[in-house]
Amino acid sequence: MTQGDLNAVKTKLKRSQKIFVNRSLNMGRIKAIGFDMDHTLVTYNREAFEALAFTETVKKFIAAGYPPELERLKFDPNFLIRGLLVDMDRGNILKVDGHKYVKLAFHGRMPLPRDERHRLYNSESFKASNLLSVDTFFALSEVQLFAEVVDYMAHNPGKIGKSFREVYQDLRRFIDLSHADGSIKNVVLSDPARYIKRDKHLAPTLRQQIESGKDLFLLTNSSWDYTNALMAYTLDGLSDDFPSWRQYFSAVLVGAGKPGFFTGSQPFYEVLPETGLLKIFNGPFASNSVYHGGNAKLLQKQMGIRGDEILFVGDHIYGDIIRSKDIVNWRTMLVVEELAQELAKLDELKEALERIKQKLEIREVLEEELQLLSSKIKINERQSLKGDPKKAQYLLKEIEKITPKANERKDELRTLNDEIKAMISEREKTVHPIWGELMKVSLERSRFADQVSDYACIYTSSVTNLRFYSPFKQFFSTHDILPHDL
Ligand SMILES: [Mg+2]
């Protein structure tokens, strides 16, 4: 293959269709692929769904005695992104890089002044594990509602006599209640077309894997009735050979309680599909059966496969990916839905990124030059104090010659830094007006990006991107190249 052929293959796929590799993965060695349901196999119409969750939870706040004015709070699909951290004690939302540097912070809906941000978070180290991570799409509407209530408290002191943490605890309770009492679920199930997007590529993507000899299983925390309704809407009737969604999967596991599923030792219960009732299960797995609870080790035993022969596909970095890789050594694929939009925008900004890179190179040369000049000035100053007046005079003259040059470089650097800063901020704002890219903080990797690269063997914007690759594909990582190799 020539370089030209290689380039043609490489450019065939758009970046939003590609699968990116952190750790080499040979799909030929994978015997089973497990899928999470929500936001992995089932794609939500996020704006409609999150608005519903937001509104239902506001109703619960008011019913619990919070001020009725909260009714005026509106869901805003553009305020937050995933990967942010929430400081529940202070009512703040943070964007953090991989070194735990807080680059951006909001108190409710108000940006936190720079000094306060530095004082609270950057002057000494803080424990990211004490903060809440906005990992799931479900958390977006939850955290936005928290920000709105914090904002209300800032503008109406004394009206809610609770701490921010207490408000968050109430919020969690109200959301759980909205899920448990059906206020969200029943609305979705009554009009799935409004809340769920059907992807015509899903059925052929799954079939391609089945035909290559892999077993597929579904592993979701959702309940059986919700799972059955959503999966039926998503997959039923899309293929003559597989009229029911159940036929795609050799095992359907609901109420799994991930990430506890990967660490615990819960037994499986068999679900009676008609009634949803649970029956004690003693094994072995029967085809076309549905199971509740369980744990990863028992699943491997029932399926007769090792951890590294399973690829698990999910959208939740913590619930689906971190524990499955760490504890049971499953191979992992993370679905990062936002990448589809971000990569399209970033493709348009490719030239701008090249210009930023060029300016960074110029800056490196200028900085090096300035450092040389400055150290020369310092050395001459020190030497001139050593007593020999003739030599001192010569050295001072040298300093006089060098200083304007150094000042010139300083000015150039200042202007260049301002330009680079403006260009980076422009790029960030194009992706998201407040928080910028999901995977970046300025040009540094975000905390979210660090987690993705540590735990997801591969990642992509949609499950259906698997269809662009052979089911026996050997994904190679280029991450093993160290800075000194280049
Ligand atoms: Mg999910």
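Visitor: Which residues of strand S3 (residues 32–35) point one way, and which point the other way?

Guide: In a regular strand the side chains alternate between the two faces of the sheet. In this predicted model, strand S3 shows Ala 32 and Gly 34 on one side, with Ile 33 and Phe 35 directed the other way. All four of these residues are buried.

Visitor: To which strands do bridges join S3?

Guide: Four bridges link S3 to strand S11 (residues 215–219), and the two run parallel. Another strand, S16 (residues 310–314), is likewise joined to S3 by four bridges and runs parallel to it. One can follow individual residues across these pairings. Phe 35 stands opposite Leu 218 in S11 and opposite Val 313 in S16. Gly 34, in turn, faces Phe 217 in S11.

Visitor: In what order do the strands of the open sheet lie?

Guide: Ten strands make up the open sheet, in the order S1-S20-S17-S16-S3-S11-S12-S15-S13-S14, and their pairing is mixed. Strand S1 (19–21) and strand S14 (278–280) are the edge strands, since each pairs on one side only. From one strand to the next, the twist averages 25 degrees.

Visitor: Which helix packs on the sheet, and which strands does it touch?

Guide: Helix H12 (residues 317–326) packs there, touching S16 and strand S17 (331–335). The direction of H12 makes about 165 degrees with that of S17.

Visitor: What does the whole chain contain, and how many of its residues are buried?

Guide: The chain has 16 helices and 21 strands. Of its 486 residues, 35% are buried. The C-alpha trace spans about 100 × 70 × 40 Å along its principal axes. Contacts also tell how the chain folds back upon itself: among those between residues at least 6 apart in sequence, 74% join residues at least 24 apart.

Visitor: Which domains does the domain assignment give?

Guide: The assignment gives domain 1 (3–41 + 197–337), domain 2 (46–192) and domain 3 (343–437). Domain 1 is written as two stretches of sequence, 3–41 and 197–337. The C-alpha centres of domain 2 and domain 3 are 41 Å apart.

Visitor: Which residues touch the most other members of the largest nonpolar core?

Guide: This core has 106 residues, and those touching the most other members are Leu 84, Val 86, Val 143, Phe 146, Leu 253, Leu 334 and Ala 456. Helix H4 (residues 138–155) gives the most to the core, with ten residues. Domain 1 and domain 2 both contribute residues, so the core lies between them.

Visitor: Where is Asn 45 found, and which residues does it touch?

Guide: Asn 45 is in the loop between strand S4 (43–44) and H2. Not counting residues up to four places away in sequence, Asn 45 touches Arg 194, Tyr 195, Ile 196 and Lys 197. Asn 45 and Tyr 195 are 150 residues apart along the chain, yet their C-alpha atoms are separated by 4.9 Å.

Visitor: Which peptide bonds are cis, and which residues have a positive phi although they are not glycine?

Guide: Most residues other than glycine have a negative phi, and most peptide bonds are trans. Here, the bond from Lys 258 to Pro 259 is cis, with omega near 0 degrees. Pro 259 belongs to the loop between strand S12 (251–254) and helix H10 (260–263). A cis bond also joins Gly 283 and Pro 284, with omega about -10 degrees. Pro 284 is in the loop between S14 and strand S15 (290–293), and Asn 288 is likewise in the loop between S14 and S15. Asn 288 has a positive phi of about 70 degrees. Lys 100, in the loop between strand S6 (92–96) and strand S7 (102–107), has a positive phi of about 65 degrees.

Methods
Residues are numbered from 1 along each chain as its sequence is written. This is a predicted model: local features need pLDDT of at least 70, side-chain atom pairs count only at pLDDT 80 or more; totals for chains, interfaces and linings use all residues. A nonpolar core is a set of buried Ala, Val, Leu, Ile, Met, Phe, Trp, Tyr and Cys residues joined through C-beta atoms within 7 Å. A residue is buried if 20 or more other C-beta atoms lie within 10 Å of its own, exposed if 12 or fewer, and partly exposed in between; C-beta atoms are placed from the backbone. Domain bounds come from an automatic or database domain assignment. Two residues are in contact if their C-beta atoms, placed from the backbone, lie within 7 Å. Two strands pair if DSSP finds at least two bridges between them. Axes are lines fitted to C-alpha atoms, for helices over the stretch in contact, and angles run from 0 to 180 degrees between N-to-C directions.
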